[in-house]
Amino acid sequence: MWLPSARREVNARRAMTEALRGLDRPALVPVATSSGEAAADPLDMAAPRW
């Protein structure tokens, strides 16, 4: 999941963590996030950020 800012990424990860806690097998749901602030060009979604 790509988010426009690091702040939104933090909030999204917090919400996803809460949602994963409710699953029987949360390890089966991979989660990867990044933000526009993680690369030199915030709009280049192909830039390495992971």
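These notebook entries record what I looked up in the structure.

**Basis.** I worked from a predicted model, in which local features need pLDDT of at least 70, side-chain atom pairs count only at pLDDT 80 or more, and totals for chains, interfaces and linings use all residues. Residues are numbered from 1 along each chain as its sequence is written, and side-chain values use heavy atoms, with hydrogens and water left out.

**Serine 5.** I located serine 5 in the loop between strand S1 (2-3) and helix H1 (6-21). Helices (H or I, at least four residues) and strands (E, at least two) are DSSP runs, numbered from the N terminus. Buried stands for under 20% relative accessible area, exposed for over 50%, and partly exposed for values in between (1.4 Å probe, protein chains only). From the side chain of serine 5, I traced a reach of 3.1 Å to the backbone nitrogen of arginine 8. Leaving aside residues up to four places away in sequence, I noted that serine 5 touches Ser35, Gly36 and Glu37; contact means heavy atoms within 4.5 Å.

**Salt bridge.** I found one salt bridge in the structure, the term being a side-chain nitrogen of Lys or Arg within 4 Å of a carboxyl oxygen of Asp or Glu. The side chains of glutamate 18 and arginine 21 meet in a salt bridge at 2.5 Å, N to O. Because glutamate 18 and arginine 21 are three residues apart in helix H1, about one helical turn separates them. I recorded arginine 21 as exposed, with a relative accessible area of 61%.

**Threonine 33.** I placed threonine 33 in the loop between H1 and S2. Which side chains does the side chain of threonine 33 meet in a polar contact? I found glutamate 9 at 2.6 Å and arginine 13 at 3.0 Å. A polar contact is a pair of N or O atoms within 3.5 Å; within protein, one must be able to donate a hydrogen and the other to accept it, and residues adjacent in sequence count only if both atoms are side-chain atoms. Threonine 33 is buried, with a relative accessible area of 11%. I also compared positions: threonine 33 and glycine 22 are eleven residues apart in sequence and 20 Å apart in space, C-alpha to C-alpha.

**Leucine 28.** Leucine 28 lies in the loop between H1 and strand S2 (34-35). I recorded leucine 28 as exposed, its relative accessible area being 56%.
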